[in-house]
Amino acid sequence: MNRNWLTVLVSHNTGPDNGTHFRHVAGVDDLEFLAAVTRAESVAYVEAIVVNLYHCTRLYGQGP
């Protein structure tokens with residue numbers, strides 16, 4: 001998964017083979033990768049994680 005956290009999130013939600021498949025289809029661009037994900041549940045999962053990460057970072061900073 002090349003240490004890409006978006007690929008890891010999709011793989012966690014859909015299974016490792018599916019996350020790798022979507023990454024292979026889209027290439028290295030993260031926006032293309034998210035556009036290639038065809039499962040609505042996975043897209044919602046990734047969006048929820050990213051939104052929570054944004055809010056936590058905004059409220060608490062980058063952390064240690």
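Helices here are DSSP runs of H or I with at least four residues, and strands are runs of E with at least two, numbered from the N terminus. After helix 4 comes glycine 61, with a positive phi near 85 degrees.

A word on the source: this is a predicted model, in which local features need pLDDT of at least 70, side-chain atom pairs count only at pLDDT 80 or more, and totals for chains, interfaces and linings use all residues. Residues are numbered from 1 along each chain as its sequence is written, and side-chain values use heavy atoms, with hydrogens and water left out.

Now the packing. The axes of helix 1 (residues 5–14) and helix 4 (residues 40–60) come within 9 Å and cross at roughly 135 degrees. Axes are lines fitted to C-alpha atoms, for helices over the stretch in contact, with angles from 0 to 180 degrees between N-to-C directions. The contact (heavy atoms within 4.5 Å) involves, among others, Trp5, Leu6 and Leu9 of helix 1 and Tyr45, Val46 and Ile49 of helix 4.

Finally, the whole chain. The chain has four helices and zero strands, and of its 64 residues, 25% count as buried, meaning under 20% relative accessible area with a 1.4 Å probe, protein chains only. Its C-alpha atoms fill a box of roughly 35 × 25 × 20 Å along the principal axes.

Notes
Buried means under 20% relative accessible area, exposed over 50%, partly exposed in between (1.4 Å probe, protein chains only).
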